[in-house]
Amino acid sequence: MVTMKLHLYLINFTNKEEIEITVKETMKIEELLQDIGIPKDEVGIITKNGRWVTTKSLISDGDHIEIFPYLLGG
Amino acid sequence: MHKVVRVDMSVKDIQWEEKEEYNLLGGRALTSRITYDEVKADCDPLGRESKLVIAPGLLAGTNASSASRLSVGGKSPLTNGIKEANSGGIAGAKLARCGVKAIVVQGKSFDERTYILKIDREGANLIVHKDLESLGTYDTVAKLRRIYGEKVGILCVGPSGERGLRASAIALSDPFGELKFAARGGMGAVMGSKGLKAIVVDDEGMQTMEYYDKESFTKTAREFNKQLVSDPKTKDVYQKFGTSGIVKAVNAMGALPTNNFRFGKCEFADEISGEKLYETISTRGGKGKTGIPCMTGCVIQCSNIYPDIDGENIVSTLQYENIALLGSNLGINNLDTVARLNREVNDIGLDAIEAGAALGVALDQAIGAFGDEEICLALLNEIRRDTILGRVLGNGASITGQVLGGDRIPVAKGQGFPGYDPRALKGNGVTYAMSTMGADHTAGNCFGARNEIDPLGKEKQGNLSKDTQIKMATLDSLGFCIFARVPLFKDPTILANLVNALLGSGFTKEDIWDIGFETISLEREFNIAAGISPAQDKLPEFCYYEELGSIKSVFDLSEEEMKKAIIE
């Protein structure tokens, strides 16, 4: 089981803040985003288990993923 | 032609000068150019040879959204190099409409120390205002608005600026009399050292802007404004959360300064997040409000008023940097306390980042416990009361660390780190160490750079910082807000078209960035002449040795990588 937490307006794409998913062993984060309907252009920072990763990062069972929209610092 | 107003505080003389060579320069490009042309690089930044240069962005006063910021520059008493800080507020547009290209404040007043410079349709005048002596910024602005009318634009310093404390900022009034800050680099100390307490700008009867091609300008501006409005982030993120929308993201990537940059994550990030800020403002109501423009005509409207439990105004605007430096960096776990500290910092007239960094260093040296609101307020009160400890803290993080001891002083080139730990966002580490501005995220913030580049990686950071620095210096020169950058970076033709339609110039989407490049090149030359050598292109030692929290990262970029960010 993989848990995925969405932040700010990304929640609008799924209507859920937190999603639990069973994943195929070789799945990349970008595939997962596509599956749940979050446009790639809207995605900014992604963390996996508290570390920054790209959309190409592979997901394994037990991972905790957080997705933040593309935001700007002040 | 817009003119340069030269104010000599030593002899109280004011001259209006035509400077054709400055025609295509504005904002940071102009403050840095005048500093380069006129200020001796080896002068005492707080002495009589130093100058304070104030210039509206090139597009200020026009109807392009988010483009009327005002730059203040000169030699920084913190970095001892060239500095520019810019801010929203209404003075930028009003100065442009009064036909002012720049104000150069030089010399030093040795009689009275609380002069105000009044600029209006009659010209420019210096007036002594003894009633403003040692007055906080809030009362100063309120009083000046009562005397000169609510529509005037104001710049002023607080008591810390009057005393020449190096962490001092310059406050600017917004359309509602709330305050914004040209905060970084201690430019408030430079202004105060001149004996200039405030500048009041009244554009009544002066509201004409000359356009080379007004029709074309209005068309481009309208399309650009429309793009900003139609971006869902404007309404869903910026108007609700302002800059504070990034608190949780910065925390998640481990870059949120916590307890004097000892940790990059804090367990109470949710409590000081943008989401919490919006929820609190919405629930408490009263004077609390989000979605406020800080410049007339801005469609982004990211300012807020943070209210107390009774709905009374504590501070405007509570924003990311202030939450990071006065919040998590001091171990403060709630927004009410951050807001109260922010109010005090603003009123004394300090840069919230520098003040937060200085307090963090003090707490790290066991002057008090992290998370203790009372001690933080007491330390700020030391600055207000002008005690010896207060003078130490008010001179910024570097001096505080040197006096109180410790080897964890989060500064680069004498200036306190902003709200991104450079070990977790290495591109910003490059900017802090290599840019002409010292540790200043606004000089080239790699957060938000779409993060295709690993913020913890050893590669591509130099070029990322360099590219961002050039682009930011360009926006700083045109008067644009950092929040307007998405459509502008995507299609720089907008920038070129706006400038060309205003001034009849021939910029293209390729060479518009030369404005930033050339500005930074001049700044670098000034800094070298001021004695800033490559030996100062460094971060403090702890960044190279002390692993940051759970991500276990140190700042480990090669010299070669760092040098890629040099702009000359």
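How many residues lie between β14(B) and β15(B) in their hairpin, and which residue in the turn has a positive phi? The hairpin has five residues between the two strands, and Gly311(B) in the turn takes a positive phi of about 85°. The model examined here is predicted, and local features need a pLDDT of at least 70, side-chain atom pairs count only at pLDDT 80 or more, and totals for chains, interfaces and linings use all residues. Residues are numbered from 1 along each chain as its sequence is written, chains are lettered from A and ligands numbered from 1 in the order in which they are written, and side-chain values use heavy atoms, with hydrogens and water left out.

Chain A contains two helices and five strands, where helices (H or I, at least four residues) and strands (E, at least two) are DSSP runs numbered from the N terminus. Along the sequence these elements follow the pattern β-α-β-α-β-β-β. The radius of gyration of chain A is 11 Å, which agrees with the value near 11 Å for a compact globule of 74 residues; the radius is taken over C-alpha atoms, and the globule rule is 2.2 Å times the number of residues to the power 0.38. The C-alpha trace of chain A spans about 35 × 25 × 20 Å along its principal axes. Of its 74 residues, 55% count as buried, a term that means under 20% relative accessible area, with exposed meaning over 50% and partly exposed in between (1.4 Å probe, protein chains only). Among the contacts in chain A with a separation of 6 or more, 59% are made by residues 24 or more positions apart, a contact being heavy atoms within 4.5 Å. Chain A exposes about 3,700 Å², and carbon and sulfur atoms supply 45% of this area; accessible areas come from the Shrake-Rupley method with a 1.4 Å probe, and for residues only the protein chains shown count as cover. The mean positions of the 8 positive and 12 negative charges of chain A are 5 Å apart, with Lys and Arg counted as positive, Asp and Glu as negative, and His and the chain ends not counted. The place of a charge is taken as NZ of Lys, CZ of Arg, CG of Asp or CD of Glu.

Chain B has 22 helices and 17 strands, and its C-alpha trace spans about 60 × 50 × 50 Å along the principal axes. Buried residues make up 67% of its 568 residues, and residues 24 or more positions apart account for 70% of the contacts with a separation of 6 or more. The accessible surface of chain B comes to about 19,400 Å², of which 46% belongs to carbon and sulfur atoms. In chain B the mean positions of the 66 positive and 76 negative charges are 1 Å apart.

Strand β3 (residues 52–56) pairs with β4(B) in the antiparallel sense over five bridges, and the bridge partner of Ala55(B) in β4(B) is Ser71(B). Strand β4 (residues 70–75) in turn pairs with β5(B) in the antiparallel sense over six bridges; here Val72(B) has Ala85(B) as its bridge partner, and Gly74(B) stands opposite Lys83(B). The hairpin of β4(B) and β5(B) has six residues between the strands, and Asn80(B) takes a positive phi near 60°. Six of the six residues of β4(B) are buried, so this strand is largely enclosed by the rest of the structure. Strand β5 (residues 82–87) is likewise mostly covered, with six of its six residues buried. In a regular strand the side chains alternate between the two faces of the sheet. In β5(B) both faces are covered, with Ile82(B), Glu84(B) and Asn86(B) buried on one side and Lys83(B), Ala85(B) and Ser87(B) buried on the other.

Strand β13 (residues 289–292) pairs with β14(B) in the antiparallel sense over two bridges, and Ile292(B) stands opposite Ser303(B). Strand β15 (residues 313–315) and β14(B) also pair in the antiparallel sense over two bridges, with Pro307(B) opposite Asn313(B).

Helix α16 (residues 426–434) of chain B is mostly covered, nine of its nine residues being buried, including Lys426(B), Asn428(B) and Tyr432(B). The buried residues of α16(B) pack against β16 (411–412), α17 (461–478) and α22 (559–563) of chain B.

Notes: Two strands pair if DSSP finds at least two bridges between them.
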